[in-house]
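Here is my note on the model. Please read it with the structure open.

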Amino acid sequence: MLPLFDTPPSPHKPQNPELDRKSSFGSLKPYLPRTWLIFFVLFLQIILLLIARNYHISTAVIIPQHLPEVAAITAVDGGDTECPYGKVFVYNLPHFLNTELLENCHELNPWGSRCDTYSNDGLGRPATKLAGVIPESLTGAWYWTDQFASEIIYHNRMLNYRCRTLDPESATAYYIPLYAGLAVGKYLWTNNYTAEDRDLHCHTMLKWVHDQPYWKKSNGWDHFITMGRITWDFRRSKDDDWGSRCIYLPGMRNITRLLIERNSWDYFDVGVPYPTGFHPTSPSDVETWQEFVRTRTRTTLFCFAGATRGLIKNDFRGLLLNQCYNSSGSCRVVDCGGSKCSNGTSLILESFLGSDFCLQPRGDSFTRRSIFDCMIAGSIPVFFWNRTAYSQYEWFLPGQPESYSVYIDKNDVLNGKSIKGVLESFGQDEVRRMREKVIQYIPRIVYAKPHQGLKGMKDAFDLAVEGVLNRIKDQEREGFKW
């Protein structure tokens, strides 16, 4: 047992009465801290009670237990009930890391200027050639948007986000507006650049961000970024391989990354929808479009828009094209060989609008933008790989894959299974039910045109940012971080 005193008490009684009193006082020392603590707590409670009687809060604030503490403080300070999961602070990075790339848009591609492609805050040129294909009232909501434009779209939306804060102390999350995809894209198609060139922008960003006090507070766990290409473009292992090694650089490990294709085994990768051409300006635009695709007359059972990969043995896309051509009018084909399916043609949209189902094999990687072009047109996607959608976009698509899509294992197709036979087995009621689920989810996979978003309706941007804020809340659980 530990002694109650630092030194053993003397066995001899003190001769001096004054010393005797000191000794008696000393025998109380072990109890004094507890006594004073009790008095202090009682005194503090009295003070708080007096303050409360003279201070009245005009609005009752209910703080749900599942919300992060910062969100609760924000609600008390500003009475803001629109940001239940907290607010986002947007870093003002050196322009070299984002807007300067856009100012030099003519240098982003060795084959020509990309200035038109990324005009209109990343939405691209108005899709005037769709007149007569889409409702006249929605012609202003359609653009030829590039599939790699998400960094620009997210940055512009973030600067006008209703839950953005200019006070970094009150932020739940910190957004890093690096245009990593645009930066590496200019170096991918020529051998005139070194590995250091491809990593320069990411290196520079990490050095800058790591000097910020808010990074040091959490070691990056509450930071996030949009990277506008697939994850594999940022995972270079060797200097002479494809892409940058941004994700592998020291300091990137704890940053949540919003990507159009994620690595399913990396917690910090989050898959977000590819940008499509539809950018509604209001909830009524969405509702008008939903009714338009709901009531379309669809004359073909299924369709496929894509090109073969001639250099690939047993090319799967080639098999799909062959099945389509041999389906006796049940399949509509848009052969995208060459540049026939580049932005500026209505062929793909018309094909999706006229078909019950659309075939969605993997693209050059596991995903492809066509998934979202298809679904926005109210066509039911047919997948052949789980990683094409089911393990990519969980925040945005229904949790029950069979409710909105058809899955046919690629190996069954390779072994001769008839796609037409599978799709003909679905009754009209089943097709109608799946299409309605697709249409219901259209708002969740589009990016609205107004920088403020759609009032009363959440789009893909809203869901992505709220998902990040929720994730940061979850990370605060004891033992979560590693």
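**Salt bridges and a buried helix**

1. Arg435 and Asp356 pair through their side chains in a salt bridge, 2.3 Å from N to O. A salt bridge here is a side-chain nitrogen of Lys or Arg within 4 Å of a carboxyl oxygen of Asp or Glu. The two partners come from distant parts of the chain, 79 residues apart: Arg435 sits in helix 15 (residues 428-440) and Asp356 in strand 10 (residues 355-360). Helices (H or I, at least four residues) and strands (E, at least two) are DSSP runs, numbered from the N terminus. Arg435 and Asp356 are both buried. Buried means under 20% relative accessible area, exposed over 50%, partly exposed in between (1.4 Å probe, protein chains only).

2. This is a predicted model: local features need pLDDT of at least 70, side-chain atom pairs count only at pLDDT 80 or more, and totals for chains, interfaces and linings use all residues. Residues are numbered from 1 along each chain as its sequence is written, and side-chain values use heavy atoms, leaving out hydrogens and water.

3. Helix 15 also holds Asp429 and Arg432, 3 residues apart, about one turn of the helix. Their side chains form a salt bridge (2.7 Å, N to O). Asp429 is exposed at 58% relative accessibility. Arg432 is partly exposed at 47%.

4. Helix 5 (residues 150-159) has 9 of its 10 residues buried, so the rest of the structure largely encloses it. One of the buried residues is His155, with a relative accessible area of 8%. Beyond its neighbours within four places in sequence, His155 contacts (heavy atoms within 4.5 Å) Asn98, Tyr175, Pro177 and Tyr179.
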